[in-house]
Amino acid sequence: MNSYVNPLRDPQDRRLPRIAGPCVLVIFGVTGDLSRKKLMPAVYDLANRGMLPPGFGLVGFARRDWADQDFAQVVHDAVKENARTPFREEVWEQLLEGIRFVPGTFDDDQSFERLRDTIRDLDTARGTGGNHAFYLSIPPSSFEQVMTQLRRHGMTERHEGNWNRVVIEKPFGHDLESARELDDVVSVLFQPHEVFRIDHYLGKETVQNMLALRFANQMFEPIWNNHYVSHVEITMAEDIGIGGRAGYFDGIGIARDVIQNHLLQLLALTAMEEPTSFEAGQLRAEKKKVLAAARVPDRYDLHTARGQYAAGWQGGRPVIGYLEEDGVSPGSTTETYAAMRVDIDNRRWAGVPFYLRSAKRMPRRVTEVALSFKRAPHLPFTATDTEELGTNALVMRIQPDEGVTLRFGAKVPGTQMEIREVSMDFGYGGSFTESSPEAYERLILDVLLGDPPLFPQQEEVELSWKILDPVIEYWASLKQQPEQYASGTWGPASGREMLARDGFSWRRP
Amino acid sequence: MIIELTDTSSRDVAAALINAKRTAGASGMVLTLLIVTEDDHFEEVLSAAKASATAHPSRVIVVTYIDEGPSQLDASIEIGEGMPGDLVVLRLHGELRHHADSICLPLLLPDSPTIAWWPNDAPDHLAEDPIGGLADRRITDAAGCHNPQDALLRRARNHSPGDTDLTWTRLTRWRALLAAALDQSHAEVTGALVVSAPDNAPATLLAAWLSDRLAIPVERFDGEHPGVNEVRLTTTEGDVTVRRVAEGTAIYQVPHQPQRTVALRRRPLTDLLTEELQRMDADDIFEAATRRLVADAEGR
């Protein structure tokens with residue numbers, strides 16, 4: 001490392017944003033939905049906020065017969081439609097200079113020759129100096145091919161002072177074994193610190209919000225354990241079905257798609273001990289410890305539930321059932337609702353069940369972590385006074401409307417002594433003078449700056465699969481199809497029974 | 001507020017609800033912004049106050065001094081109307097101007113920070129002013145004064161922690177580009193020059209910052225365009241140049257790299273305020289730059 005200290009920078013000078021050095025972002029699978037709705041707008045938003053380096057190249061690679069300007073038009077439209085910040089011509093002009101498109105397929109050597117030439121050209125023309133980030137917005141099955149091509153065409157060479165990084169998206173494999181294979185493929189070319197895994201449901205902003213809530217405050221820590229918490233519910237509900245993604249989803253299922261990465265990460269962040277510092281390595285160490293202590297109780301028939309959405313009405317619109325979706329076989333056993341209990345065997349959490357559930361075609365889109373507290377050991381009121389009183393709860397709302405809700409009992413005004421539940425709400429959206437950046441903005445900036453990601457590294461991914469694999473194997477061994485539940489409801493009866501067995505019921509998120 | 005949605009879904013209705021709640025001031029307000037003005041600037045200040053109240057969930061109190069007449073306080077209050085916070089306009093007649101603190105103190109939000117903003121002329125000693133004394137952060141704008149250079153120097157001479165001037169905020173993008181250039185070139189800076197409109201206050205401050213950080217004298221030249229036109233740092237590897245070529249666009253040159261254009265626009269007032277309201281602590285770097293400014297002005 002060199003010891004250059006920039007005289008114009010000062011740790012006290014927090015107005016100055018960190019601007020990434022000149023670099024090229026290469027997006028594979030650039031014609032996808034994700035790229036149009038999230039990636040390209042995020043790139044623009046970064047540019048608009050002055051976070052992108054002067055000398056930034058954006059290269060799209062896809063099987064389209066496009067010229068640079070066709071691609072630029074696509075980016076332009078995507079930005080206009082989906083960017084968070086207002087469209088400004090001069091910012092667009094700055095971006096436009098670095099936009100290139102390479103048509104081609106993953107098995108075609110010539111395409112990658114062209115890609116290399118394009119990148120080399122940008123390196124000199126835009127001064128991007130051999131710094132390349134490869135964003136693989138493609139199915140994992142193509143990873144190996146792309147990696148091989150990148151290596152064969154010398155696009156990931158390391159020189160003094162340049163970097164190569166790669167971004168991959170969840171799912172990170174579909175079980176422990178495939179996760180390891182995937183890692184082998186990626187780690188041939190990239191070192192662990194050059195691999196950025198993104199779970200777009202769980203942005204860095206959210207992770208940091210949770211860390212701040214838990215560890216910057218004195219009042220939550222004393223009750224954050226099995227003395228006070230009775231159980232924890234972690235929910236991620238989507239109000240949509242699989243849309244046109246049968247090819248991706250069927251055979252994978254919601255547990256692999258969401259629980260393995262997203263919900264188990266939320267669980268780890270909720271349950272972990274305080275890291276000694278917020279350095280990425282320390283944080284991962286704590287998450288690993290808690291994931292290693294987590295397991296689904298052995299009686300999978302009692303402590304897990306799965307379902308498939310049936311036709312019904314969802315938010316006022318008629319929708320078809322999962323088995324009627326295009327490309328899904330009528331005999332499919334893929335689950336669109338998955339719920340399971342996870343126990344954590346450590347001193348803090350022994351005896352506190354964590355219930356994870358994730359599903360499609362729920363009444364509304366919501367992600368939250370809810371800690372339910374035990375009832376007060378003694379209530380100096382008559383039973384009728386507290387008839388309406390539930391238990392206290394602390395809910396970390398992840399999306400939409402990120403924030404925190406506290407639920408507690410309060411006396412109903414009037415001469416009667418009657419106690420009822422009330423909510424106290426805090427929303428990130430309304431309590432600061434700034435709106436949160438999109439998860440992708442943070443991620444892309446981290447990639448370009450080389451900031452150690454808060455995202456899971458391979459070991460965490462493997463630990464998550466170890467928790468989930470036995471459940472999925474058990475489900476696969478069952479003869480019958482998952483239980484049907486009407487679209488637009490909160491899931492099948494087996495999901496409710498699973499909690500009822502332990503004496504709880506799901507809260508309505 | 002009534003929001004009509006036709007041919008909609010419960011998803012859109014839910015999204016509209018959240019959005020409406022955010023702008024309706026349902027959740028906690030984060031700060032009190034006191035805006036101090038004289039009667040003759042009232043209208044423009046009021047529109048800036050409204051813009052600010054729309055951007056932040058805060059209580060905005062506009063304090064207007066009207067010199068003539070017996071002591072009298074008139075107030076108007078606006079809540080809702082697309083604003084996430086509330087807007088209170090106070091008109092202080094006659095003697096009351098000397099007791100503005102006694103009027104504002106009961107109206108400040110509990111616990112949260114208070115920021116005072118003088119969009120035009122400001123008292124010499126902000127921290128000792130009745131209103132300034134209530135505030136944790138005090139923001140002035142030399143560009144809103146009759147003689148910006150004088151105003152900036154006055155600010156610099158009477159600086160106390162928590163004071164900032166929007167002149168400084170306007171420079172953030174320039175400073176970011178220059179810092180990023182040195183991040184890349186790693187070269188030692190041996191000379192610096194700033195080209196600007198004659199007598200340009202932001203340029204004076206930028207030069208003061210550069211000479212403070214780089215410990216070298218900074219040359220000044222008059223340019224043809226308004227505001228700061230160009231900054232050039234001479235380094236052992238070649239020149240670092242940021243030059244505004246058109247409204248919103250600049251040429252950016254770093255040694256050993258091709259020349260590039262970057263977006264460099266003049267930011268609207270609400271942007272500047274947003275940046276100011278992000279930081280509640282004292283700005284040490286600004287303070288250092290003002291010290292240098294005073295030293296330069298006094299020929300030390």
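In what order do the strands of the open sheet in chain B stand, and what is the sense of the pairing? The order is β3-β4-β2-β1-β5-β6-β7 (chain B), seven strands in an open sheet, and the pairing is mixed. Strands here are DSSP runs of E with at least two residues, helices are runs of H or I with at least four, and both are numbered from the N terminus. Two strands pair if DSSP finds at least two bridges between them.

This is a predicted model: local features need pLDDT of at least 70, side-chain atom pairs count only at pLDDT 80 or more, and totals for chains, interfaces and linings use all residues. Residues are numbered from 1 along each chain as its sequence is written, while chains are lettered from A and ligands numbered from 1 in the order in which they are written.

Strand β1 (residues 31-38) of chain B runs parallel to strand β2 (residues 58-66) of chain B, and eight bridges join them. B:Ile35 has B:Val62 as its bridge partner in β2(B).

B:Thr32 also sits in strand β1 of chain B. Is B:Thr32 buried or exposed? B:Thr32 is buried, because 24 other C-beta atoms lie within 10 Å. The cut-offs are these: 20 or more other C-beta atoms within 10 Å of a residue's own make it buried, 12 or fewer make it exposed, and anything in between is partly exposed, with C-beta atoms placed from the backbone. Two residues are in contact if their C-beta atoms, placed from the backbone, lie within 7 Å. Leaving aside neighbours within four places in sequence, B:Thr32 is in contact with B:Ser58, B:Arg59 and B:Ile61, and also with B:Leu108, B:Leu109, B:Ser112 and B:Thr114. B:Pro57 is 25 residues from B:Thr32 along the chain, and their C-alpha atoms are separated by 9.3 Å.

Move on to β8, β10 and β11 of chain B. Strand β8 (residues 189-196) and strand β10 (residues 228-235) of chain B run antiparallel, joined by seven bridges. B:Thr234 in turn has B:Asp239 as its bridge partner in β11(B). β10(B) and strand β11 (residues 238-246) of chain B pair in the antiparallel sense over six bridges. A hairpin through two residues joins β10(B) to β11(B).

Step back to chain B as a whole. Its secondary structure comes to nine helices and 13 strands. The domain assignment gives domain 1 (10-140) and domain 2 (170-269); such bounds come from an automatic or database assignment. The C-alpha centres of these two domains of chain B lie 35 Å apart. Along the principal axes, the C-alpha atoms of chain B fill a box of roughly 60 × 60 × 35 Å. Of the 300 residues in chain B, 41% are buried. Among contacts in chain B between residues at least 6 apart in sequence, 67% join residues at least 24 apart.

Where does chain B meet chain A? The contact takes 43 residues from chain B and 42 residues from chain A. Several elements of chain B each supply at least two residues to the side that touches chain A, among them α1 (10-23), α7 (201-214) and β12 (248-253). α6(B) gives the most to that side, with ten residues. By class, the side of chain B that touches chain A has 18 nonpolar, 14 polar and eleven charged residues. Ala, Val, Leu, Ile, Met, Phe, Trp, Tyr, Cys and Pro count as nonpolar, Asp, Glu, Lys and Arg as charged, and the others, Gly among them, as polar.

Chain A is divided into domain 1 (23-169) and domain 2 (204-500). Their C-alpha centres are separated by 34 Å. Across the boundary, 13 residues of domain 1 of chain A are in contact with eight residues of domain 2 of chain A. On the domain 1 side, α1 (33-48) and β5 (164-169) of chain A each supply at least two residues. α1(A) gives the most, with six residues. That side of domain 1 of chain A divides into nine nonpolar, no polar and four charged residues.

A:His262 lies in helix α9 (residues 253-271) of chain A. A:His262 is buried, because 22 other C-beta atoms lie within 10 Å. Not counting residues up to four places away in sequence, A:His262 touches A:Asp199, A:Tyr201, A:Leu202 and A:Met236.
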